[in-house]
Amino acid sequence: MTIEVYWGSGSPYAWRVLLTLEAKKIPYVSHLIEFSKKEHKTPDFLALNPRGKVPTIKDGDYALGESLAIMAYLDRKYPEVPLFGQSAEETGRVWKAISEQVSYLEPAGFRVIVPFFVGTVEDNAEDIRDAAAEVREELALMERLIGEQRWFALGKLTAADLAVYPFIETLLRVAGKEDAKPFDLGLLPFASRYPAMEAWRQRIRALPGYDKTYPPHWR
């Protein structure tokens, strides 16, 4: 039975699931949820995910939310092209890379991202600059790592790359906004500041099926 995936345009968490489905060549039915129409709060959707969150998948009678849980489920059910490692050691390195993103990059990154999306930039100016400095520290670590092995966790594409990539793109989208320019977030021009990371971005973009996953309202 074909997997159904419910997602929202611009959600980095939904994007990582779409990238996983494409990387593993898993057939799926796409359901783009429109938040402006409250489609994530309908009774039918809440029956699948009581939190009303995307991404959510439905595989037959089985429904699952939370992006990393979905990625792990897909990798276990469809083991071809393993994304979470083939050995205990590889699996440990993949989850370590994902955990570091969740623990360090995301918290600082969201302190940069959210004010620009909700219109609270002036109230959070100092914290945005502090958080941007933390983001740059994390990116510097990633730059060294990817410069050595081309990918984020291992010397090949893994779930860690697909998990972090959409978040990086969201950060860069915010950094390119007009009202972000006075803050000098230190992220742009990305290719000259983080050349190894930029090469990694281009490798992700070259993956088969990538264009199908790109947020439609970003085009």
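**Figure 1. Helix α8 and the elements that cover its buried residues.** In this predicted model, the buried residues of helix α8 (residues 195-205) are A196, M197, E198, W200, R201, R203 and I204, where buried means under 20% relative accessible area, exposed over 50% and partly exposed in between, computed with a 1.4 Å probe and with protein chains only. Helices (H or I, at least four residues) and strands (E, at least two) are DSSP runs, numbered from the N terminus. The cover over the buried residues of α8 includes α5, α6 (159-175), α7 (190-193) and α9, and contact means heavy atoms within 4.5 Å. Residues are numbered from 1 along each chain as its sequence is written, and side-chain values use heavy atoms, with hydrogens and water left out. Because this is a predicted model, local features need pLDDT of at least 70 and side-chain atom pairs count only at pLDDT 80 or more, whereas totals for chains, interfaces and linings use all residues.

Figure 2. E169, E198, R201 and R205 are linked to one another in a network of salt bridges, a salt bridge being a side-chain nitrogen of Lys or Arg within 4 Å of a carboxyl oxygen of Asp or Glu. Over the whole structure, the search finds 13 salt bridges.

**Figure 3. The salt bridge between E106 and R16.** The side chains of E106 and R16 meet in a salt bridge, with 3.4 Å from N to O. This pair links distant parts of the chain, since E106 belongs to helix α4 (residues 88-118) and R16 to helix α1 (residues 12-23), 90 residues apart. Both partners are buried, E106 with a relative accessible area of 8% and R16 with a relative accessible area of 3%.

**Figure 4. The salt bridge between K77 and D59.** K77 forms a salt bridge with D59, and the closest N and O atoms are 2.7 Å apart. Here a helix is linked to a strand, with K77 in helix α3 (residues 67-77) and D59 in strand β3 (residues 56-59), 18 residues apart. K77 counts as partly exposed at 43% relative accessibility, whereas D59 is buried, with a relative accessible area of 8%.

**Figure 5. The salt bridge between R111 and E134.** In this pair, the closest N and O atoms of R111 and E134 are 3.1 Å apart.

Figure 6. K38, K41, R51 and K53 gather in a patch of positive charge on the surface. Patches are made of residues with over 30% relative accessible area and no salt bridge, like charges being joined within 9 Å and nonpolar side chains (Val, Leu, Ile, Met, Phe, Trp, Tyr) within 5 Å. Lys and Arg count as positive and Asp and Glu as negative, while His and the chain ends are not counted, and the place of a charge is taken as NZ of Lys, CZ of Arg, CG of Asp or CD of Glu. K38, which sits in the loop between β2 (28-32) and α2 (43-48), is exposed, with a relative accessible area of 55%. The nonpolar patch is formed by V114, F117 and V118, which together have about 260 Å² of accessible area, as given by the Shrake-Rupley method with a 1.4 Å probe, where only the protein chains shown count as cover for residues. F117 is placed in helix α4 and is partly exposed, with a relative accessible area of 45%.

**Figure 7. The loop between α6 and α7.** A180 is found in the loop between α6 and α7 and is buried, with a relative accessible area of 2%. Leaving aside neighbours within four places in sequence, A180 is in contact with F116, V174, A175 and L185. P189 is also found in the loop between α6 and α7, and a cis peptide bond, with omega about -5°, joins L188 and P189.
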